[in-house]
Amino acid sequence: MLWSAKPASQGNSVSPRAPPTKPRPSPIRKLKSILQFVDRQPMPSLLPILRSQQQGEILALLLGDPDLELSLTEIASRTGTPHPSVYREIQRAEQAGLVTTRRVGNTRLVSANTASPYYAGLAEVLTRAFGVPAVLTEALGSLGGISAAYIYGSWAARREGQAGQRPVGDIDVLVLGEPDRDQLYAALDAAEKRLGRPVQATIRDPAWLRSGTGSFHDTVTSRPLLELALEPA
């Protein structure tokens, strides 16, 4: 007697295969995609918790003087920051409630938002870390007899990214010209209170940077110098 094979439908049938599942993206790939949206400007060496040096200087300029109202062009000029970067930083700061803006014709004016709960604390921190040029420019700008002024020493070196102690203990200022010394020291005393650290001034004649000699001259000129944006005397 011949045995016939059972039809496939009646025997041990094979279960249908489950549809293939999509592979989950790896955590590393996810992280890479997130990092693509991060601003890649270098962190500021003076206070390396912000996104960039430019961000710190722009916020310090505005938050350091609550009565100041500047256009984007003026902010770019005072901080040496390209106009597109100023625009982006102001957009972010306004979204965070740190500044307010208003339009006068085609000009967009920006000022600190003193109603922000973060204003007082941020203003103090940013002024001490980044507001040194703005504060010293304001302090020295009204004095006569100054042909030029520069920040030198450790603060200027840290600003340029050179390694060293943080925070910088004091600020070294080179004043070229023949200012009234009493007025100069009074102005720097007021600046010290705003900056929360001593300001040491050295006075030399207007041509000293070009024609000076000696070890002090060599030390000053061999390291970074930041010129303050003073109006010509």
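## The sheet

Four strands form an open sheet in the order β6-β5-β4-β7, with mixed pairing. The edges belong to β6 (199-204) and β7 (226-227); each has a single partner strand, so one side of each is left without a neighbour in the sheet. Strands here are DSSP runs of E with at least two residues, helices are runs of H or I with at least four, and both are numbered from the N terminus. Two strands count as paired if DSSP finds at least two bridges between them.

This is a predicted model: local features need pLDDT of at least 70, side-chain atom pairs count only at pLDDT 80 or more, and totals for chains, interfaces and linings use all residues. Residues are numbered from 1 along each chain as its sequence is written, and side-chain values use heavy atoms, leaving out hydrogens and water.

## Strand pairing and helices

β5 and β6 pair in the parallel sense, over six bridges. Leu174 has Thr202 in β6 as its bridge partner.

Helix α8 (residues 181-195) packs on the sheet and touches β5 and β6. Its direction makes about 150 degrees with that of β6. Axes are lines fitted to C-alpha atoms, for helices over the stretch in contact; angles run from 0 to 180 degrees between N-to-C directions. Helix α6 (residues 132-141) lies across β4 (146-152), β5, β6 and β7, at about 155 degrees to β4.

## Asp170

Asp170 sits in the loop between α7 (153-159) and β5 (171-177). Not counting residues up to four places away in sequence, Asp170 touches Arg197, Pro198 and Gln200. Contact means heavy atoms within 4.5 Å. Asp170 and Gly196 are 26 residues apart in sequence and 9.1 Å apart in space, C-alpha to C-alpha.
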